[in-house]
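Keep the 3D view open as you read.

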Amino acid sequence: MNAAGVVAESISKRYGGTRQTQALQDVSVSIQPGQFVSILGPSGCGKSTFLRCVAGLERITDGSLRVGKDPVAGPPDNIGMVFQRDALLEWRTIRNNILLPIEFAGKSRENYQHRVDALLRLTGLSGFADSYPHELSGGMRQRASICRALVDDPRLLLMDEPFGALDALTRDQMNVEMQRIWMETRNTTLFVTHGIAEAIFLGDVVLVFCPRPGRIVEAIPIEFPRPRPLEIRESPEFGRLVTHIRGLFEGMEH
Amino acid sequence: MNAMMSSAKNFMHGMISLIVLIFLWEMVCRAGLVAPIILPAPSDVFVELFNEAGWYASQAWYTLLITLAGFACAVVGGVLIAVALVSSRFFERYFYPLIIAFNSIPKVALAPLFVIWLGTGSEPKILIAFMIAVFAVIIDTVHGLRSVPPDLIDLGRVLKGSPLSFFLKVKLPSALPSIVAGLKVALSLALVGTIVGEFVSSQKGLGYIIMSAQGSFDTVRVFASLSILALMGVVLYGVLAWVESKVIAGRRAQN
């Protein structure tokens, strides 16, 4: 197993220009290797900015940010990223999409064929290796893009509202699958979402972000044992967490 | 399947209109409503084409080769220039305005100059075809390369591939539909450029036949050449439209 922690020490991110915006202010968090962390907040709260900083796609303006032992300066080695819109290459088959990180890393595709097959089995896409993305449904496409992110056994899996574009039923199903995949692979996972139930259902911890300036208002540990069934969302304990988080959001509006 | 059926249907409809048009034209000529020197009957044009088939074929072949050579240069040159424009700030800043300015010169007006420079062989004609066609390739390729979805750019950065493999595996294929759309326009323009070149100075090709037939008021010959040109234009366009449908097939509309 190959999992890295993430440590942020009072990081800030300002966007320059005439009207300076404080996208992140004084964000500190320590994420353990192998943890599943949900990053929750309304739009404009800096949750995606935080993820992009960890991915090395945005530069922090203050503080220190480390993935594993290394300070983040540009994208860290061996991370996987899943985008809201799957970002599959339409002209490649599912198998060849999943092998893209292997090609970019300059490794032999042959050595990873078994890995691809295993991931396709894990995500229920076994029959679709040679299909093209347009032949798959939205949920299946997103599963394929998760396979792509996992193929090289990343130290860190970053997911930016991966199920945001899916319908509610597919989304529920994807949540269950995501939990199963994560329990199998145990990658350190940062999962950005604006769905409260989704964040609680999946996370070991929920980091609640709030806007203007973007910051963490609370880190809530989630203690439900795994595997968690979807019905857990009907439990009083779950309800209390939802109410609590909703209260945090309502407190934000001034 | 459906798309193929409908394009076959469009083709049928076009053929029916064409046949009706030719029929009416023939009637007008037979009735003696226009002098043959102004508008020859289609049947006369067919007879001319049939009797001189070998000669027309060799002239058309020459025009086709020049067109394809000009087009090939435009594709290679246009894509390379577009790649340079997109990947280098310097190139974009200093050369793009120049290219735009150059594009606004009517290229046809340059034809005599190219004859002075390059003589009366194939080269000036290829150059004119290239000049007229290349901008369509540049503009659509630049557009395609600039429209790569931001997620794909981020994906490339996170995966840390070499710039070259990212370009070949992600950017270029992503821009391909746009590039092919440019090629479709460029091919028609290359044919225009070739004919212009043959007008200006030539002893060969369909453009030459038209010019020399004009001198002797041989309208039949002009129409015979025009009908070959029309056919050539349609076939060339059809080939690229087919390529385009192959490229686009299986792609979700990108944004």
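The largest nonpolar core has 77 residues, and those touching the most other members are A:I39, A:V54, A:M81, A:V151, A:L158 and A:L190. A nonpolar core here is a set of buried Ala, Val, Leu, Ile, Met, Phe, Trp, Tyr and Cys residues joined through C-beta atoms within 7 Å. Buried means that 20 or more other C-beta atoms lie within 10 Å of a residue's own; 12 or fewer makes it exposed, anything in between partly exposed, and the C-beta atoms are placed from the backbone. Domain 1 (1–78 + 155–254) and domain 2 (84–152) of chain A both give residues to this core, so it lies between them. A second, separate core of 42 residues includes B:V115, B:A129, B:V142 and B:V200.

A word on conventions: this is a predicted model, in which local features need pLDDT of at least 70 and side-chain atom pairs count only at pLDDT 80 or more, while totals for chains, interfaces and linings use all residues. Residues are numbered from 1 along each chain as its sequence is written, and chains are lettered from A and ligands numbered from 1 in the order in which they are written.

Now zoom in on A:L190. Leaving aside residues up to four places away in sequence, A:L190 touches A:V37, A:I39, A:L51, A:V54, A:L158 and A:M159. Strands (E, at least two residues) and helices (H or I, at least four) are DSSP runs, numbered from the N terminus.

You can find A:F36 opposite A:T189 in strand 8, and A:S38 opposite A:V206 in strand 9.

Another part of chain A shows antiparallel pairing: 4 strands form an open sheet in the order 2-1-4-5. Its edges are strand 2 (21–31) and strand 5 (70–71) of chain A, each pairing on one side only. Strand 1 (residues 6–15) is joined to strand 2 by 7 bridges, and A:R14 stands opposite A:Q22.

Stepping back to the domains, their bounds come from an automatic or database domain assignment. The C-alpha centres of domain 1 and domain 2 of chain A lie 24 Å apart. Between them, 17 residues of domain 1 are in contact with 12 residues of domain 2, where contact means C-beta atoms, placed from the backbone, within 7 Å. On the domain 1 side, helix 6 of chain A gives the largest share, 7 residues. That side has 7 nonpolar, 6 polar and 4 charged residues; Ala, Val, Leu, Ile, Met, Phe, Trp, Tyr, Cys and Pro count as nonpolar, Asp, Glu, Lys and Arg as charged, and the others, Gly among them, as polar.

Finally, look across to the other chain. Here 17 residues of chain A are in contact with 16 residues of chain B. Helix 3 (100–104) and strand 6 (79–82) of chain A each supply at least two residues of the chain A side, and helix 3 has the largest share with 4 residues. By class, the chain A side divides into 13 nonpolar, 1 polar and 3 charged residues.

Methods:
Contact = placed C-beta atoms within 7 Å. Pairing = 2+ DSSP bridges.
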